Every structure is written in structure tokens, then in C-alpha cells.
Amino acid sequence: MTHKETSRRDFLKKLAIGGGGVVILGKYHFLFGNEPTNGLLKAIVVDFDKCTGCRTCETVCSAFHHPVQIDGEQLNGLGNPKLGNIQVYHFNPDVDIPSVCANCPDTPCVNACPVTADPKAIRKSIYRDQLTQAIRTNHDVCISCGSCADACNTERTGVIKMNPKTNHPEHICDQCGGDPQCVKYCPFGALSFKDVDIKGAYFGLSPQEIAEKLFERYYEAEEVING
Amino acid sequence: MGQYGILLDINLTTKEIKKTPVSKSDLKNFLGGRGLGMKILWDRIKKPGLNPMSPENPLCFMPGPFSGLPIPSSSRTTVVTKSPRTSPENKKYEHSSTVSYANMGGFFGPEVKFAGYDGIVVLGKASSPVYILIEDDKVEIKSALSYWGMGTDSFDKALIEKYGKEYQSCYIGQGGENLVPYASILNTAARAAGRGGVGAVMGSKNLKAIVVKGTKQPQLAKHKMYLELLEKARTAFREDIEGVEYWRSGGTAHALQNSSNNGTMAVRNYREGTFKEVEMINTKSARTQIWKRDFACFSCQLACKKSGFAKGAYGGVVHDGPEYETGTMLGANLLISDLAGLNKMIAICDDYGIDIITTGGVLGFLMEAREKGMIDLTFLDGIDLTWGNVDASIEMIHKIARRQGIGKIASLGVKALAQKIGKGSEEFAIHVKGHELAAWNVNVNAERMMITYATANRGACHLNSSSFSRQNNSAIQDSLGACSFAGGWYKNDISYRKFIEAITGEEHTDEEFNQIGERVFNLEKMFNYREGFTRADDKLPERFFKDAHTYGKGKDVLASHADFDKWIEKYYTERGWDLQTSMPKSEKLAQLGLEFTL
Ligand code: SF4
Ligand code: SF4
């Protein structure tokens, strides 16, 4: 069992034993555990049966978050898919896994961030935005330690990557301020913007973990070629 | 604008890697993809008769101006080179052959653009197996010794393991390594540049793969106009629910049933046009029995590809298929209706990286020759190749890809086999210029299919069409990096022409724009003409003048040689080509700016 599986299992076990709990985030209080979340937290949720791996989501995310100035006007960029916060992983045998921040109620990424919060701002370099409830980053105070990426990678989806040039965390979904572009443009209706459900079958899993589940579901057996 | 004006030029003999500029006029007149690839080929192959398997043959990997932009269905890469498959009736040179252009979807072409290139040209031959690794400006030639001998499936897995999601790649299997003349090049999940032996040329250079990662995109001339067109194009697809659903629900495989019903399917080595067991391999059967999911190429809303997976004797393989060409050529054409067996045969061919259309043609030809008693079991190395026999077909595929025994000659295609066997077998050796026909049979739509096959510049090709205007249009599509399946949506206010204006700033009139396709087609033709291909080579096998189908639609229908002569002359006349030689007239060449070919 990998470290990641252990921590994930522990996480779920704690929830099961605790039977629910209260997380305090700034001014926000909400329930998690056996009850569904109360709707305060939302995230992009993937229907893997519908995803075709077309990568449109990557391109619209990238275009929206990397605008360009043309004749004094701010316009969407061209959308190099690598710059998308959502990232689609292709596996062999064929499955495609869009991977996007799960907006974990217990925020391992934020917890891991060692930057001492400015007593007035009460927020770390990575934090939950109180308005949108999405995870955001403040690169001005980031010390490039990579703790958030490590935490996300060992415990959850692993979406956070440290930019090799700036050495700051990126690929964290900001939910486009409430109207996620990927959800709007996915041609196959594979994405929806929904309440976070930590009991969902794929909640917080890495692309590899999801792929393994799908291999089993679609292909049941180990595939052999030229056998 | 909209293009870099840069080719990545790699010589595997000298290990020289450089960026070569592309002139503005070439970008304007040939766009990219198949067109620009042809222009490069013309410029670099100065004399006819070059051995296509020699280091001097340029192998061009060409995305187009649409590549790397999320324009719906803009995923295609065309591989352009001199063909190792074709030969004229009367060889002017030992190695006379046509141009070859083979086109694949997937993710490779867009990534080449992201890396900052309008195309990659590979020359020379590495002294031992290599692959090319491209990370934007950083380009390395790396040893592929540990990968040599791997099938495309395990190699693909190895690349995913080593390079992860940020890299895209294309590669050959053992077919290309063993120099099977009809070897293919594949990328992600078996998207194949299947036809015309492009994989053999790659193998002849000892090049296993190109692996690329890019972070760029070119600046567009009219960014805002482009965004507006893009929004409209996305909406056009989204709103055409029925049109899009056709592709999603079955892709080209829908044609299996329809084509059989219409008598236009290649059945029993093209002897018949209707497959009595088509229900067993049609989309309904595939959907209920083997298709697990649909998948799409880069930025595509059609998702015509299907992951097939079966259990049982031929099970345990996950593979895209069958679609129309693969399902017909390895299914109906061989009277094979075992869906799992068919899927496995497709998987094996793709794993080796050999052209499935040609493989199906070769197997069908051998089955017929065997049935007619022209060859015996000894000729076939003891493989009991009979109609409908999956196991024997699989054995033969192994022989071909490994070029062992009978595979040595079978790997040369039906023209060579018929020459070896004789006994009149050339009448049912189904090829044009040495290139096997695709899965659409001829008799029912004789004029359309005969002209389509006879006039295609790479030898028999189903993607060519019969009218010169549609031929020109597909040359444009292939030059843009656009997928022909989505072509129908790009009309009126979201035409290709408008997209090109937004991307490059070039404002073509409709006529000028169409002329690009005509220019590409005629340059290919001039290349072939210089190699010694003339009107005598634009011809069909005798089968299509002698053997009417015995049942189904099109029963008893046959075209005559006189019909064909009339049709081809009509076509040449419309094209502005000489009726005797088939050479484009000098006025035509001048009108297209192709005087340099004279
Ligand atoms: S846009 Fe939709 S179908 Fe395409 S990769 Fe993203 S989630 Fe999958
Ligand atoms: S998925 Fe990763 S980045 Fe998103 S909230 Fe969870 S731990 Fe943080």
C-alpha cells in the first residue's frame, strides 16, 4: 500500500469514526462526514463514462486564465492545454482522466503551507477564498517550499504542480469565479459544477487511481496483445 | 502570422539539427500539412528516381495552420514522403514511385506546433536505432536500442511511463523496423498514418519515434476574429445534435451496414459488394458486444473512436475498432464476421504497425488465389488461408510483419504477389499503381469510384474523391490539419477560408482559396509525372470490368473500358490535363504558379 492510500484510508476512517465534524475556515463553518455537505463547497465533478479525452476543457481553462491584451482589449488567450488548471491524463489501455482540484473540505494543501499567516490577513500563501470558496494562492508570500503540492500529491488528486520557472504552485482550480469554463464548454457533458461529495467514488483520487478503477470497470482483465 | 515560418530539420546521418525558414509565399500558397509537405518534397528531391528507402528521402511530419489551436477537429498530422509502395507500368527509373501522404488524428501535430515548428523534416539514416526528443527549442537524438523490437502498444505504454502526459509521440512498430513496405506510423491509442508505407520510410532511417513537448503557440493575425469564429464553430457543432450524434454513436463503422446494403462494400476480395453477415460486425453488434467507450482526438466534438474489448478466445485486447476501413478490409473482404476475432486482428496489425487496408487486400488476394488453386499450402508455408479463417489470417499477419517465409513476398503487396504467381492472378490483384484499394467497392458507383481510385496521387485512395473540386477541397483540409469528418460544419460564416484569414491574415477570395487545393494536387501530379507515371497508370484492375456482383445491390452491373476511358477523359479535361499523357498543361501550371515544375 502506498503512503497515499494509507493517508486516504485514514482520512476516510477518521470521518467514519467521527461520524461527522465541523471544519472552521475563517468565518465559515460547515459540516462534513456522513451528511452531505451543506452546499457551501462546490467543485468540478467528472463523469468518466462521458469523457472522451478531447482536451477541450484544458484549452478553455487555459484560454480563460491566460488572457492577452489586443488593441487595449483583454481577450481570451489561445489556450495551450498545458496551462489549464484541469489536466486530462491519457492511459493505455484507453481511458482519459480529467484531473481537477476536488476542493477538499479539509484542505490538506492549505494545512501543509508553513507560511505564517499575516495576523491581519489570516491567510497563508495557499488559502480558501472566502468569497468563492475555491482554493487560491498568493505568490507574493509563497516561499516555494512545495508543501502544498506534496500534501495534495500524497493525500489527494495531485493537481498542484510547482511551476519550474517561478517555483510557485499552479493548476489549482479557481472555478472561474463561479462559472467554470470547462463545464460550460465540455462538448460531451462530462463535467458538472456540483456540491463536493467526499463519499463520491472518485473524490480526491489521483488520475492513476481513477484509471485503475476504470480499467477494471471497462476491461476487467489484463490486456494482452499478440497473445 | 499564425505560423512560425520554421521547420525543424534533422539529419540522422550527420546528426545535424537546425531550424530552416519557410518562405512566406510557401506558407501562403501551400498552407501546411499535405500541401507544404509536398512543396518541401519537391524542393528537396531534385531528380526523379530517388530510392524511397534511401537516406536522402525526406520524411516530413506536417501539422497545419489549424494545429495547436482548439478549433474543433483540428488534430490531423500529415506525413509526406516519397512512396515505397507505388510503381508505374513502365518504369522510367528503377525506383520510380509516387508521392505518399498519410494522415493521422490524435495529438501529435498540435504538440509539434506547441513546440514552435510548422513541420519536422527528417533526412539521413541513424547508424543504430534512435528516437528524437523535442522540448521546444531543445532537440536531441537519443538511442532507441532498448525500445527496438517493441510493438506499438507496449512502446506506447513505455513512453507514457517515461515521459508522462506532457509529451506526445508518434512511432513505428516491428512492421516499420522490419521495413515492411506498407508499415504505418501511429500515435496515441492507435491513430495511424496508415497508408503509403510512411512507416517503412521511418524504419529505413532507423527512427523509432518522435517524442515532443511544447509550450508555445504562434501569434495570430486577427485574434479577436479568430475567437469569434471559434465560438461560432463550437456552437455549430453543439447545436447540430443529430449530426454530431452520428459520429459519436458509431463513427465510420455506421457505414459497414449501409455500404453492405448498397452493394458498395469490399467483400470476398472485391468480388461482391454485400456482406451477408454484416449484422455480426455492424455498429449495433459492436456497441452491445465490445465497445466500452468513445474517445476523441484533440479538441474534437465527434469522438468517432471506440475502445473495443471482448472476452473469449480472441478477447483480452483493448483496441479501437472496428471502424469502416478496418472492419471491412479484415472483416467483409475476408468473410470474417467474428467480432472479437476481427478486433484482435486489428489490434495485432496496429501493434506491428502495418497498414490494415493493404493487409486486408493482401489476405483477400491470397485467399482467392488459394481457392482458385493458383497457389497451394506449400506456397503459404502451410497456413490454411481460407475465407473466414481468423486463425490462419492471424498467422499470416505475423509472417508479413516479421517478413518470414511467405511473409517476405506477401509484405510487398498484391502487385508483387500477382507477378510472382502469374496465372492471370493480376486480374484480381486489387491495386492502382501498386497501392491496394480501400474498403469501398467499385461496381455500383463505377464512375465515382473508378475516378477516385485511378486519379489519387498516392495510388488507390478512398479519401481522394471523384470530382476535381472535392479533390482540391480535401487537399486543403489535409493542408490545414483539419479532419475530413468534420468538414461539413465548416461552411458559410465559419469557413476554412475565414479561419485562415483570422490566423494568418491572408485574405483569399473563395476562388484563390480553392486554388490552393488545386495547386497542391497538381504539384503532386507533377511529382508523379516526373517519375514516369502517365495515363497508362490511371487504371483499375480487370476485375471491375469482368466480374459483376452475383447478388445484392449492383448485381450484374459492370462498367466497360469504353466507359472508363470516357470518364477519365472528362476528368482530365476538367483538370486541364493532357489527354494522352495526363500531364497538367503548361497554362494550368502557370495559372497555379507551378511553372517551376517544368
Ligand atoms: S472537455 Fe469534456 S470530454 Fe473533453 S477531455 Fe474535458 S472532460 Fe473530457
Ligand atoms: S485537490 Fe489538492 S489542491 Fe484541491 S483542495 Fe484538495 S489538496 Fe487542495
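Visitor: Are Glu436(B) and Arg85(B) buried or exposed?

Guide: This is a predicted model. In it, both Glu436(B) and Arg85(B) are buried.

Visitor: What makes Glu436(B) and Arg85(B) a salt bridge?

Guide: The closest N and O atoms of Glu436(B) and Arg85(B) are 2.7 Å apart. The cut-off is 4 Å between a side-chain nitrogen of Lys or Arg and a carboxyl oxygen of Asp or Glu, so the pair qualifies. The partners come from distant parts of the chain: Glu436(B) belongs to strand E17 of chain B, Arg85(B) to the loop between strands E4 and E5, and 351 residues separate them.

Visitor: Why is Glu371(B) called partly exposed?

Guide: Its relative accessible area is 44%. Buried requires under 20% and exposed over 50%, so Glu371(B) falls in between. Arg268(B), at 25%, is partly exposed by the same criterion.

Visitor: How do you know that Glu371(B) and Arg268(B) meet in a salt bridge, and which parts does the pair tie together?

Guide: The N to O distance between their side chains is 3.1 Å, and the cut-off is 4 Å, so the term applies.

Visitor: Why does Glu58(A) count as buried?

Guide: Glu58(A) has a relative accessible area of 0%, and buried means under 20%, so the term holds. Arg55(A), at 6%, is likewise buried. The side chains of these two residues, Glu58(A) and Arg55(A), meet in a salt bridge of 2.7 Å, N to O.

Visitor: Which residues are closest to ligand 1?

Guide: Arg55(A) is one of them, together with Cys51(A), Cys54(A), Cys57(A) and Cys186(A). In total, 13 residues surround ligand 1, and they divide into 9 nonpolar, 3 polar and 1 charged.

Visitor: What makes Thr283(B) buried, and which side chain does it join in a polar contact?

Guide: Thr283(B), found in helix H10 of chain B, has a relative accessible area of 14%, which is under 20%, so it counts as buried. Its side chain and that of His254(B) are joined by a polar contact of 3.4 Å, and the cut-off for such a contact is 3.5 Å. Leaving aside residues up to four places away in sequence, Thr283(B) touches Gly250(B), Ala253(B), His254(B) and Trp291(B).

Visitor: How many residues are in contact between chain B and chain A, and what is the area buried?

Guide: In chain B, 53 residues are in contact with 44 residues of chain A. The area buried between the chains is about 4000 Å², with carbon and sulfur atoms giving 56% of it. On the side of chain B, Lys165(B), His223(B) and Arg293(B) lose the most area to chain A, together 18% of what that side buries.

Visitor: What makes Arg293(B) and Asp96(A) a salt bridge, and how many are counted between the chains?

Guide: Their side chains meet at 3.0 Å, N to O; the cut-off is 4 Å, so the pair qualifies. The count between chain B and chain A is 5 salt bridges. Across this interface, 23 residue pairs are in polar contact. Of the elements of chain B, helix H7 gives the most to the side that touches chain A, with 7 residues.

Terms used. Residues numbered from 1 in each chain as written. Chains lettered and ligands numbered in written order. Predicted model: local features only at pLDDT ≥ 70, side-chain atom pairs only at ≥ 80, totals over all residues. Heavy atoms only, no water. Contact = heavy atoms within 4.5 Å. Buried area = accessible area lost by both parts, 1.4 Å probe. Polar contact = N/O pair within 3.5 Å; in protein donor to acceptor, adjacent residues only side chain to side chain. Helix = DSSP H or I, 4+ residues; strand = E, 2+ residues; numbered from the N terminus. Near = heavy atom within 4 Å. Nonpolar A, V, L, I, M, F, W, Y, C, P; charged D, E, K, R; others polar. Buried < 20%, exposed > 50% of the residue type's maximum accessible area, 1.4 Å probe, protein only.
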